[in-house]
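Here are some exercises to work through with the structure open beside you. Try each task before reading its solution.

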Amino acid sequence: MGNAHNSKVAALESFLKDHPYIKFITSSSPDYISLRAVFSLDSTATPLAIVRPQSASDVALLVSYAKSNGIKFVIRTGGHNIFGLSIVEGALTIDMRDISYVNIDKQSSTARIGGGILEGELVEQLAKEGLATPTASVGSIGHVGWATYGGYGLFRSNFGLGVDQIVAAKIADAKGAIFEADERLLRSIRGAGGIFGVIVELTIKVYPLKAILAGSLFYDSRDLNAIFRSFNVGYQALSAKGVPPQLTLNQVLVNTPHGRTFGVIFIWSSEDEATGRHWLKKVEALGTVVMNMVAMTSIPDWIRGAARFTPTGFHGEGRTRNIRQMTAEVTDIIARSFEKMPTDPGSMFAIHDMRGAALNSDIGSVFGTRDPHFLLEILGGAVVKENREQALDWSTSLWQDFKHIESGNLLPSTYISLEPPDQTPGDPLSKIFGSNDQEVRNLKGEYDPEDVFDLALPKLKNYL
Ligand SMILES: Cc1cc2nc3c(=O)[nH]c(=O)nc-3n(C[C@H](O)[C@H](O)[C@H](O)COP(=O)(O)OP(=O)(O)OC[C@H]3O[C@@H](n4cnc5c(N)ncnc54)[C@H](O)[C@@H]3O)c2cc1C
C-alpha cells in the first residue's frame with residue numbers, strides 16, 4: 001500500500017471517531033476476510049476500507065465524505081455481482097448489510113425494507129406474518145441489487161418481477177441528501193438501480209402466502225439431448241393450452257453426483273395444494289422423473305434447501321441471452337452444448353421464462369425487456385480454479401452460438417446482472433433499457449451530473 005492510500009485510511013479512521021456507530025474495517029481487521037468475501041472468487045481487489053453504516057444518515061455522511069475527499073466508493077450488499085464489481089481496488093466499500101429492517105404495513109400490503117437486507121432475512125421476516133414477496137432463490141443475494149435491475153424470481157408469473165414490487169424508494173444522493181424518490185425517479189430506479197444514489201430503503205408489495213409447493217424435479221438424463229428436446233416440446237404443448245400463473249418453472253442443467261442432470265425447479269406459489277399437485281403431475285409426465293423433491297414448504301425453508309445446489313462462489317463469469325421462442329433450432333444449440341458443459345459444480349445452465357404477471361406490469365419502470373421471452377442464464381463458473389478457462393470457453397461458445405439464429409428469435413436486449421460489462425463498451429444502452437435509454441441518461445444528468453456514483457451498474461460512461 002502506498003503513502004496516499006495509508007493517509008486516506010488514517011484520515012477516514014480519524015473522521016469516523018466522531019461517528020462511532022459506523023463500523024470501520026481495514027485489511028488488518030480480524031473480520032476483514034469474512035466481510036470482504038463476495039461471490040466472484042476471481043475478485044482479488046483490496047478496498048481502501050470497508051465501512052458499515054447503520055442508518056440512512058450514516059450513508060449520506062459517508063457519500064459526502066468520500067466525495068469531498070476524492071475517494072472512490074462502491075456500494076455492496078450481498079456481494080453477488082457475478083463479475084466481482086462490488087469490490088474495487090483502492091475504493092471504499094460501503095457495506096449496507098447492517099441496514100436490514102423490515103417494517104410491514106398490513107393495511108397497504110407493503111413493507112419498508114432497509115437497503116442492505118439479504119433475501120434470506122427478508123423472506124424470514126415476512127414469513128413470520130404469513131407474507132411473501134418475489135425474491136431471488138439464493139438467500140445471500142441482496143434484495144436491492146436483485147430487484148432494482150429486474151429481478152427474475154420464482155413467483156414472477158404470479159406477482160411479476162422484482163422491479164414490479166417497488167412502490168417507493170428512499171435514496172442518499174451525490175450531495176448527501178436523503179429523500180423519497182418522486183414518480184419520475186422511481187421509474188428509473190426500477191431498472192437502473194443505484195446509479196442515481198444509494199438506495200437506503202425500498203417499499204415493496206407483499207402478498208399473503210404461508211406455504212408453497214416447491215422443489216427440484218430431475219429427469220432421467222442418460223440421453224440429455226433427448227430429454228431436453230422432448231421436455232420443451234411437451235412444455236410448449238402445455239403452455240399452448242394455458243399454464244396457470246401460480247406455476248413458475250425454471251429449467252436447469254446442473255452437475256450432480258450422477259453426472260450432468262436436467263431438471264426443473266417447480267414453484268407453485270399458492271396454498272391450494274391440490275391444484276398444485278395436479279400441475280406437478282403434468283410436469284412430471286414431461287420425462288422420466290428420477291428424483292422428486294417437490295413438497296409443501298415454507299418459503300424460508302425452501303430457500304435454505306435450495307442453497308445446497310448453489311455454490312457460495314466461483315471463478316468465472318455469467319452470460320445471458322433473451323430468446324423469444326424455444327424453437328427446434330434453439331433447443332438443438334442448447335442440447336448440443338450440454339454434453340460439453342464442464343463437470344465442475346460451478347458450471348450451470350438455467351432458463352427463466354417470462355410470462356404472466358411479469359409481462360403485464362402496470363407499474364412504470366425502465367426495465368427493457370417486457371416481450372415474452374426465455375432468459376438463458378449461462379454460468380461459466382468453476383469452484384476449482386484450474387477449471388475456470390474450460391468453464392468460460394463453454395459459456396462463451398454457447399453464447400456465441402446464438403449469434404446467428406433465425407432472425408427475430410434473438411432479442412437484442414440483455415440482462416445487466418448476468419452480462420459481462422466489459423463486453424459492452426460503446427454498445428447501445430438500449431440493450432439494457434430498450435426505448436427507455438434516453439430517460440435513464442437524462443435522470444442521471446439531473447441527479448448525478450458529476451458521476452459520483454460512477455462505480456454503480458450500469459457504468460454509463462461505457463455506453464457513450
Ligand atoms: C448464484 C447467483 C444466482 C443469481 N440468480 C439470479 C436470478 O435467479 N435472477 C436474477 O434476476 N438475478 C440473479 N442473479 C444476479 C443477482 O441478482 C445480481 O447480481 C444482484 O445485483 C446481486 O445483488 P447483491 O446485493 O447480492 O450484489 P452486490 O455485488 O453487493 O451488488 C450488486 C450491485 O448492486 C448495487 N447495489 C446493491 N445494493 C445497493 C443499494 N442498497 N443501493 C444502491 N446500489 C446497490 C451495487 O452498486 C452493485 O453494483 C444471480 C447471481 C448469482 C451470483
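**Exercise 1. Are H11 and H12 roughly parallel or roughly antiparallel to each other?**

Before starting, note that this is a predicted model, in which local features need pLDDT of at least 70 and side-chain atom pairs count only at pLDDT 80 or more, while totals for chains, interfaces and linings use all residues. Residues are numbered from 1 along each chain as its sequence is written, and side-chain values use heavy atoms, with hydrogens and water left out.

Step 1. Find helix H11 (residues 328-338) and helix H12 (residues 388-401); helices (H or I, at least four residues) and strands (E, at least two) are DSSP runs numbered from the N terminus.

Step 2. Their axes come within 10 Å and cross at roughly 165°. Axes are lines fitted to C-alpha atoms, for helices over the stretch in contact, with angles from 0 to 180 degrees between N-to-C directions.

Step 3. Angles under 35 degrees count as roughly parallel, over 145 as roughly antiparallel, 65 to 115 as roughly perpendicular and the rest as oblique. H11 and H12 are therefore roughly antiparallel.

Step 4. On the H11 side, the contact (heavy atoms within 4.5 Å) is made by Ile-333, Ile-334 and Ser-337, and on the H12 side by Trp-394, Leu-398 and Asp-401.

**Exercise 2. Which residues of helix H4 (residues 119-127) are buried, and where around the axis do they lie?**

Step 1. Buried means under 20% relative accessible area, exposed over 50%, partly exposed in between (1.4 Å probe, protein chains only). In H4, the buried residues are Glu-119, Gly-120, Leu-122, Val-123 and Leu-126.

Step 2. These residues are on the same side of H4, because they cover an arc of only 165° around the axis, taken from the directions from the helix axis to the C-beta atoms.

Step 3. Among the partners they pack against are strand S6 (110-114), helix H5 (143-147) and helix H10 (299-306).

**Exercise 3. Which residues have the most contacts inside the largest nonpolar core?**

Step 1. A nonpolar core is a set of buried Ala, Val, Leu, Ile, Met, Phe, Trp, Tyr and Cys residues joined through side-chain atoms within 4.5 Å.

Step 2. The largest has 100 residues, and Leu-92, Phe-196 and Trp-302 have the most contacts inside it. Helix H3 (residues 56-68) gives the most to this core, with six residues.

**Exercise 4. Where does Ser-109 lie?**

Step 1. Ser-109 lies in the loop between S5 and S6.

Step 2. Its phi is positive, about 50°, although Ser-109 is not a glycine.

Step 3. Ser-109 is partly exposed, with a relative accessible area of 33%.
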